[in-house]
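Please read them with the structure open.

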Amino acid sequence: MGIFGMGKARASNQSQVDAFEVVAAQVVDVLATAGVVLDERNLVLRASPGAVQFGLVQNGHLIHASLLNLVEQSRLSNVPIEVEIQIDSGLQREQLWVNARAAKFGERYVMLLVEDQTEAKKLETTRRDFVANVSHELKTPIGAISLLTEAISGAQDDPDTIRKFSDSLQKEAQRLGSLVQELMELSRVQGANLVETAKELDLSQVIADAVDRNLVLAEKRRVRLITGSHESTKLVGDYEMLTTAVRNLVENAIAYSDSGSQVGIGLKVIDGIAEIAVTDSGIGIPEDEQERIFERFYRVDPSRSRVTGGTGLGLSIAKHAATNHRGEVRLFSKIGIGSTFTLRLPINNQESK
Ligand SMILES: Nc1ncnc2c1ncn2[C@@H]1O[C@H](COP(=O)(O)OP(=O)(O)OP(=O)(O)O)[C@@H](O)[C@H]1O
Ligand SMILES: [Mg+2]
């Protein structure tokens, strides 16, 4: 970055001006964030690499009018001025949220610091959406429970009605219970520290356990689970987390299949990657929804999920669990034919293959 405006300085305070410029240059050079020093004509004296990379400066000028405005304001103030503004950046004019701070530096200069807050903003939005979603999901069964208890106390002389309402009450309570359970699982996979919980485990055991936990559901929906015999496949990971992931995939395969159909669960190792594939011949997933179903609370058909009692968290838990193990979940699905979800995990165990 060149130094501008030196020739303008009066000879008498030339050395002071030079000293300021040197200090300004040094300060900006050590900044890890985007920092710019401007002279009295708002020409850029010095810009940190971060500021250049951020695209704040071009040909010795600040590009964004809003930042220039802030610089002007700071000249009239004896204290630093701070604002949170949106600026666009790059060829795609991507909108960024920045925190900008400007302060006088000596008599003639202004120092401007700009911090990118876009990620933090996004996180905040995600968090707010999440809380809103959770509240919404909780409200439905809680509302139903409250109505049902009222109805039960109003139907005291009618045992049949009481039985019917009690059944519904139990269903809603179960729904509430499984929602809370899933939220706990989600927060567990999100905050997991595998360094503490990882142990050597056998994936065939994980599958057996995940299938076991789905036996009641499979029987209820008259779906046959076919697992075949798997060779023992060792991996260092979190047993509970992987079992939850596989259980969720099997649970979906059962829930989104017709009664009388089959669900297959396979395990093989290809090029150092263990693949657990869960295949159903159920309703399938439209192509344009295949990416979105891994989002929290996303359901292709909310009305069907109401019947199955789903909240749309199962796949995001599975995906997080896979990512925590440096793996992924792949999906192949055709409407009306069925789906295969494949949990792919790199085998990190040196001794066993
Ligand atoms: N095997 C499958 N076949 C067809 N659709 C599926 C399958 N698995 C998932 N889906 C679709 O993806 C959506 C998200 O699945 P996910 O498991 O995250 O939530 P859910 O099953 O609705 O609820 P829960 O949180 O109880 O698991 C489902 O609502 C369903 O629309
Ligand atoms: Mg599910």
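How many residues lie between β6 and β7 in their hairpin, and which residue in the turn has a positive phi? The points below start there. Keep in mind throughout that this is a predicted model.

1. **The β6–β7 hairpin.** Three residues separate β6 from β7. Gly106 sits in the turn, and its phi is positive, about 70°. Phe105 is set opposite Tyr109 of β7.

2. **β7 and its cover.** One pair to look up is Val36 with its bridge partner Leu112 in β7.

3. **The β1–β2 hairpin.** β1 (residues 34–38) and β2 (residues 44–47) run antiparallel and are joined by three bridges. Leu38 has Val44 of β2 as its bridge partner. Five residues lie between the strands of this hairpin. Asn42 belongs to that loop between β1 and β2.

4. Most residues other than glycine have a negative phi. Asn42 has a positive one, about 65°, and is not a glycine. Asp271 is not a glycine either, yet its phi is positive at about 50°. Asp271 is in the loop between β11 and β12. Are these two residues buried, partly exposed or exposed? Asn42 counts as partly exposed because it has 14 C-beta neighbours inside 10 Å. Asp271 has 6 other C-beta atoms within 10 Å, so it is exposed.

5. **The five-stranded sheet.** What is the strand order of the open sheet? The order is β9-β11-β12-β14-β13, with mixed pairing. β9 (224–226) and β13 (328–334) are the edge strands. Each has a single partner strand, so one side of each is left without a neighbour in the sheet. On average, neighbouring strands here are turned by 15° against each other, direction ignored.

6. **Inside the sheet.** β11 (residues 262–270) and β12 are antiparallel and share eight bridges. Lys268 has Glu275 of β12 opposite. Two helices deserve a look here. α9 packs on the sheet and touches β11, β12 and β14 (338–346). The direction of α9 makes about 20° with that of β12. Helix α7 (residues 203–212) lies across β9, β11 and β12. Against β11, α7 runs at about 165°.

7. **α9 against α11.** Helix α9 (residues 239–255) packs with helix α11 (residues 314–324) at an angle of about 145°. Their axes are 9 Å apart. The crossing of α9 past α11 is left-handed. On the α9 side, the contact includes Met241, Leu242, Ala245 and Leu249. On the α11 side, it includes Leu315, Ile317, Ala318 and Ala321. By class, the contact has nine nonpolar, five polar and one charged residues.

8. **Around ligand 1.** Which residues come nearest to ligand 1? Of the 25 residues around it, these are Asn252, Val300, Gly310, Gly314 and Leu315. α9 and α11 each supply at least two residues of the shell. The largest share, four residues, comes from α9. The shell divides into 10 nonpolar, 11 polar and four charged residues. Asn252, Gly314 and Leu315 also take part in the contact of α9 with α11.

9. **Ile285.** Where does Ile285 lie? Its place is in the loop between β12 (273–280) and α10 (302–308). Why does Ile285 count as buried? The cut-off is 20 or more other C-beta atoms within 10 Å. Ile285 has 21 C-beta neighbours inside 10 Å, so it counts as buried. Leaving aside neighbours within four places in sequence, Ile285 is in contact with Gln290, Ile293, Val300, Ser333 and Ser339. Val300 is also among the residues that come nearest to ligand 1. Ser178 is 107 residues from Ile285 in sequence and 24 Å from it in space, C-alpha to C-alpha.

Technical notes: Residues are numbered from 1 along each chain as its sequence is written. Chains are lettered from A and ligands numbered from 1 in the order in which they are written. This is a predicted model: local features need pLDDT of at least 70, side-chain atom pairs count only at pLDDT 80 or more; totals for chains, interfaces and linings use all residues. Axes are lines fitted to C-alpha atoms, for helices over the stretch in contact, and angles run from 0 to 180 degrees between N-to-C directions. A crossing is left-handed if the near helix is turned anticlockwise from the far one by less than a right angle, and right-handed if clockwise. Two residues are in contact if their C-beta atoms, placed from the backbone, lie within 7 Å. Ala, Val, Leu, Ile, Met, Phe, Trp, Tyr, Cys and Pro count as nonpolar, Asp, Glu, Lys and Arg as charged, and the others, Gly among them, as polar. A residue is near a molecule or strand if its C-beta atom, placed from the backbone, lies within 6 Å of it. A residue is buried if 20 or more other C-beta atoms lie within 10 Å of its own, exposed if 12 or fewer, and partly exposed in between; C-beta atoms are placed from the backbone. Two strands pair if DSSP finds at least two bridges between them.
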